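Welcome! Here is a short tour for anyone opening this structure for the first time. Take a look at the model, then read on.

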Amino acid sequence: MDIYPPSLGNLIDQFSKLPGIGRKSAERLALHVLRSPRELAERLAQGLVEVKEKIRFCSICFNITDSDPCPICSDQRRANGTLCVVEGPGDQLAVEQSGAFSGRYHILQGVLSPLDGIGPEDLRIAELLSRIRNEDVREVILAINPTAEGETTVSYLTEILSEKDLTVTRIALGIPLGGDLKYIDSMTIKRSMDNRSSCTP
Ligand code: ZN
């Protein structure tokens with residue numbers, strides 16, 4: 001038997017459906033909402049509904065945005081001839097937060113996964129090709145995660161982009177900052193050897 005009143009039990013159920021939130025955390029969150037001023041609950045509820053109502057995909061880069069085209073696609077200074085291709089909005093956010101890239105993005109909305117029936121036509125690849133034609137793109141940087149599906153996607157894109165008059169690069173894969181060779185898998189060490197760079201004083 002549920003020890004909580006139904007409305008509280010329901011809130012706990014909903015919180016526990018969120019990623020990374022176990023039953024205990026969901027209880028803590030629900031009890032926190034209960035103890036907090038009504039305003040917090042109202043803002044939370046409003047925020048949840050608003051994100052579903054207002055957020056859509058940019059019709060150019062397919063990133064999530066409140067306004068279409070998104071601020072990056074609307075910014076002429078970012079049209080510098082480089083396109084950074086990522087799997088999803090979370091990856092775009094990570095690259096953007098690093099401050100390491102000043103061009104525009106293209107969000108594939110996934111990776112190729114033949115076992116799950118996800119082929120090129122399920123991703124935003126046709127749109128990528130038409131952007132390359134229309135936006136004077138000179139370099140495509142593949143910032144795709146090194147998973148099995150990511151590797152398949154990188155091979156596929158490298159193949160079809162090799163026919164175009166542009167440079168295709170991939171972000172370096174290797175030892176993370178603060179990492180320790182003793183605990184790094186052989187594939188990563190091999191990649192790091194292959195991608196080694198010159199030491200400049
Ligand atoms: Zn955009």
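The axes of helix 1 (residues 6-16) and helix 2 (residues 23-35) come within 8 Å of each other and cross at roughly 130°. That makes helix 1 oblique to helix 2, as angles under 35 degrees count as roughly parallel, over 145 as roughly antiparallel, 65 to 115 as roughly perpendicular and the rest as oblique. This is a predicted model, in which local features need pLDDT of at least 70 and side-chain atom pairs count only at pLDDT 80 or more, while totals for chains, interfaces and linings use all residues. Residues are numbered from 1 along each chain as its sequence is written, and side-chain values use heavy atoms, with hydrogens and water left out.

**How to read the terms**

- Axes are lines fitted to C-alpha atoms, for helices over the stretch in contact, and angles run from 0 to 180 degrees between N-to-C directions.
- Helices (H or I, at least four residues) and strands (E, at least two) are DSSP runs, numbered from the N terminus.

- Glu27 sits in helix 2 and counts as buried, at 15% relative accessibility (buried means under 20% relative accessible area, exposed over 50%, partly exposed in between, with a 1.4 Å probe and protein chains only).
- Leaving aside residues up to four places away in sequence, Glu27 touches Tyr4 and Ile12.

**The whole chain**

- The protein chain has eight helices and six strands.
- Along the sequence they follow the pattern α-α-α-β-β-α-β-α-β-α-β-α-β-α.
- The radius of gyration of the protein chain is 22 Å, whereas a compact globule of 201 residues would have one near 17 Å (taken over C-alpha atoms; the globule rule is 2.2 Å times the number of residues to the power 0.38).
- Of the 201 residues, 30% count as buried.

**Helix 6 and helix 7**

- Helix 6 (residues 125-134) packs with helix 7 at an angle of about 35°, with their axes 12 Å apart.
- Ile125, Leu128, Leu129 and Ile132 of helix 6 make the contact with Tyr156, Leu157, Ile160 and Leu161 of helix 7.
- The residues of this contact divide into eight nonpolar, no polar and no charged.
- Thr152 is also found in helix 7 (residues 148-161), and at 34% relative accessibility Thr152 counts as partly exposed.

**Backbone details in the loops**

- A cis peptide bond, with omega about -5°, joins Asp68 and Pro69.
- Pro69 belongs to the loop between strand 2 (64-65) and helix 4 (71-74).
- Gln109 is not a glycine, yet has a positive phi of about 70°; its place is in the loop between strand 4 (104-107) and helix 6.
- Asp136 has a positive phi near 55° and lies in the loop between helix 6 and strand 5 (139-142).
- Asp136 is exposed, with a relative accessible area of 54%.

Methods
Contact = heavy atoms within 4.5 Å. Nonpolar A, V, L, I, M, F, W, Y, C, P; charged D, E, K, R; others polar.
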